[in-house]
There are 2 protein chains.
Amino acid sequence: MDTAEDEKFMRLAIALAESNITSLAGGPFGAVIVKDGQIVAQSGNQVLTLKDPTAHAEISAIRQACENLGSFDLTGCTIYTSCEPCPMCLGAIYWAHIDKVYYGNTRTDAAAAGFDDEHIYKELEKPIPGRVLNMNHLLREEAIRAFTLWGKTDEKQNY
Amino acid sequence: MDTAEDEKFMRLAIALAESNITSLAGGPFGAVIVKDGQIVAQSGNQVLTLKDPTAHAEISAIRQACENLGSFDLTGCTIYTSCEPCPMCLGAIYWAHIDKVYYGNTRTDAAAAGFDDEHIYKELEKPIPGRVLNMNHLLREEAIRAFTLWGKTDEKQNY
């Protein structure tokens, strides 16, 4: 059940997206992360100002929230994002263990506005040899050693 | 056609993965980015030391390469990664316009070693209502304004 609180945080994410259009910091996207009713991070897309293709609104907000909370684990947090997350950002949401996502625009809306989200979703669904991206398997027999060693390490920390 | 150069860069990525096991900086993953035969970035996974769930080896290397090259666009670059990229990192590779990927371990190897890559790939393939992650559509009619405004803006820069 969406509440007036949820709408308030989504409207802030939308306002961040709109303010990016005049600031030219990046694309028209914004995200807000909330824990226990308090905002722990908020960001617009910063790809252009930071010259960082990973600085989407959600990634920037996740990094900021982790810094503010002193943890790589955002369990108990909700993210409000002005658009359905792209595969990069959705992956980050899983790795951060965020519990709940609210989104405004869809990936189809993003595609219509000229962004690659839908294209990337389709690429990821294809088997590796069928993708536009050139991907090659190399030296697996040497690479697997790292996982074997990891498996034998007692003091490792899961994330 | 893989060359001795390709194997050299992949072995460096694997060495970065292995050194992470003793340093405990993060999981056993490493990545190297090369442009015109020169290394422009190299990183292990840094999730634990940076307390940043997005600091996978590939994302960290992409951010470093963009800083070193002064651009959000890595067209002409190849990434060598000790493991098939997870959806977050593969998404970042598309956004960065990296041309070519070499990977050592597979997502199945990563799953066997206890990492969520395969789980996240499967989640992304599901329709939103069928996912484990709680995702909700909210205020689309207000969110779409940002894309409408973006479409009317002349000075926008694509990324």
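Residues are numbered from 1 along each chain as its sequence is written, and chains are lettered from A in the order in which they are written. Since the model is predicted, local features need pLDDT of at least 70 and side-chain atom pairs count only at pLDDT 80 or more, while totals for chains, interfaces and linings use all residues; side-chain values use heavy atoms, with hydrogens and water left out.

Now the interface. 88 residues of chain A are in contact with 88 residues of chain B; contact means heavy atoms within 4.5 Å. 100% of the interface residues of chain A are also interface residues in chain B, so the copies meet through the same surface. About 8200 Å² is buried between the chains, and carbon and sulfur atoms give 68% of that. Buried area is the accessible area (1.4 Å probe) that two parts lose on being put together, summed over both. In chain A, Y94(A), W95(A) and F147(A) lose the most, together 11% of what that side buries.

Next, the sheet. Helices (H or I, at least four residues) and strands (E, at least two) are DSSP runs, numbered from the N terminus. Two strands pair if DSSP finds at least two bridges between them. One open sheet of five strands runs β5(A)-β4(B)-β3(B)-β1(B)-β2(B), with mixed pairing. Its edge strands are β5 (134-137) of chain A and β2 (38-44) of chain B. Strands β3 (residues 77-83) and β4 (residues 100-105) of chain B run parallel, joined by five bridges. There, T78(B) stands opposite K100(B).

Last, helices. α1 (residues 4-23) of chain A packs with α7 (residues 140-151) of chain B at about 5°, axes 9 Å apart. Axes are lines fitted to C-alpha atoms, for helices over the stretch in contact, and angles run from 0 to 180 degrees between N-to-C directions. That makes α1(A) roughly parallel to α7(B), a label for angles under 35 degrees. The contact residues include I14(A) and I21(A) from α1(A), and L149(B) and W150(B) from α7(B).

Definitions and conventions. Parallel < 35°, antiparallel > 145°, perpendicular 65-115°, else oblique.
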